[in-house]
Amino acid sequence: MTKKDIVLRISDDTKIKQIDVKKVVQRTFDSIIESLRREEKIELRNFGVFKIKERRARTGRNPRTGEIVPVPSRKVVVFKPGLEMKQKIR
């Protein structure tokens with residue numbers, strides 16, 4: 001499913017113009033990204049939680065050459081689904 005699919009589905013269900021729905025959907029995504037940049041946890045009840053997790057530095061290996069390479073620490077976004085989502089997917 002793409003962002004366009006989401007916009008079309010919401011527009012069809014609510015009879016709101018696609019351009020208006022697209023603005024709201026995009027602003028929602030932008031707000032989520034901005035909050036994650038500030039390392040805030042985003043909790044959407046019955047859907048799930050987005051948060052930033054720091055991966056520690058480690059050593060890796062280049063599969064072609066076998067050379068050992070340092071992999072620096074970095075921040076990644078993690079998502080934990082909510083209880084209702086888990087139940088509906090099962």
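Two aromatic rings of Phe, Tyr or Trp are counted as a pair if their centres lie within 6.5 Å. A pair of aromatic rings is described by the distance of the centres and by the angle of the planes. The structure examined here is a predicted model, and a search of the whole of it finds two aromatic pairs.

Phe 47 belongs to the loop between β1 and β2, whereas Phe 79 is part of strand β5. The two residues are 32 residues apart, and the pair thus links distant parts of the chain. Phe 47 has a relative accessibility of 38% and counts as partly exposed. Phe 79, at 35%, also counts as partly exposed.

The other pair joins Phe 50 and Phe 79, with ring centres 4.8 Å apart. The planes of these rings are at 45°, so this pair is tilted as well. Because Phe 50 lies in strand β2 and Phe 79 in strand β5, the contact ties together parts that are 29 residues apart in sequence. Through these ring pairs, Phe 47, Phe 50 and Phe 79 are linked into a cluster.

Strands of a sheet pair through backbone hydrogen bonds. Strand β2, residues 48-55, pairs with β5 over eight bridges in the antiparallel sense. Phe 50 stands opposite Phe 79 in β5.

The protein chain as a whole contains three helices and five strands. From the N terminus on, its elements follow the order α-α-β-β-β-β-β-α. The radius of gyration is 19 Å, well over the 12 Å that the globule rule gives for 90 residues, so the chain is more spread out than a compact globule. Along its principal axes, the C-alpha trace spans about 60 × 30 × 30 Å.

Buried residues make up 17% of the 90 residues. The chain exposes about 8000 Å², of which carbon and sulfur atoms supply 53%. Among contacts between residues at least 6 apart in sequence, 29% join residues at least 24 apart.

Methods. Residues are numbered from 1 along each chain as its sequence is written. This is a predicted model: local features need pLDDT of at least 70, side-chain atom pairs count only at pLDDT 80 or more; totals for chains, interfaces and linings use all residues. Side-chain values use heavy atoms; hydrogens and water are left out. Two strands pair if DSSP finds at least two bridges between them. Helices (H or I, at least four residues) and strands (E, at least two) are DSSP runs, numbered from the N terminus. The radius of gyration is taken over C-alpha atoms; the globule rule is 2.2 Å times the number of residues to the power 0.38. Buried means under 20% relative accessible area, exposed over 50%, partly exposed in between (1.4 Å probe, protein chains only). Contact means heavy atoms within 4.5 Å. Accessible areas come from the Shrake-Rupley method with a 1.4 Å probe; for residues, only the protein chains shown count as cover. Rings of Phe, Tyr and Trp (its six-membered ring) pair if their centres lie within 6.5 Å; planes under 30 degrees apart count as stacked, over 60 as edge-to-face and the rest as tilted.
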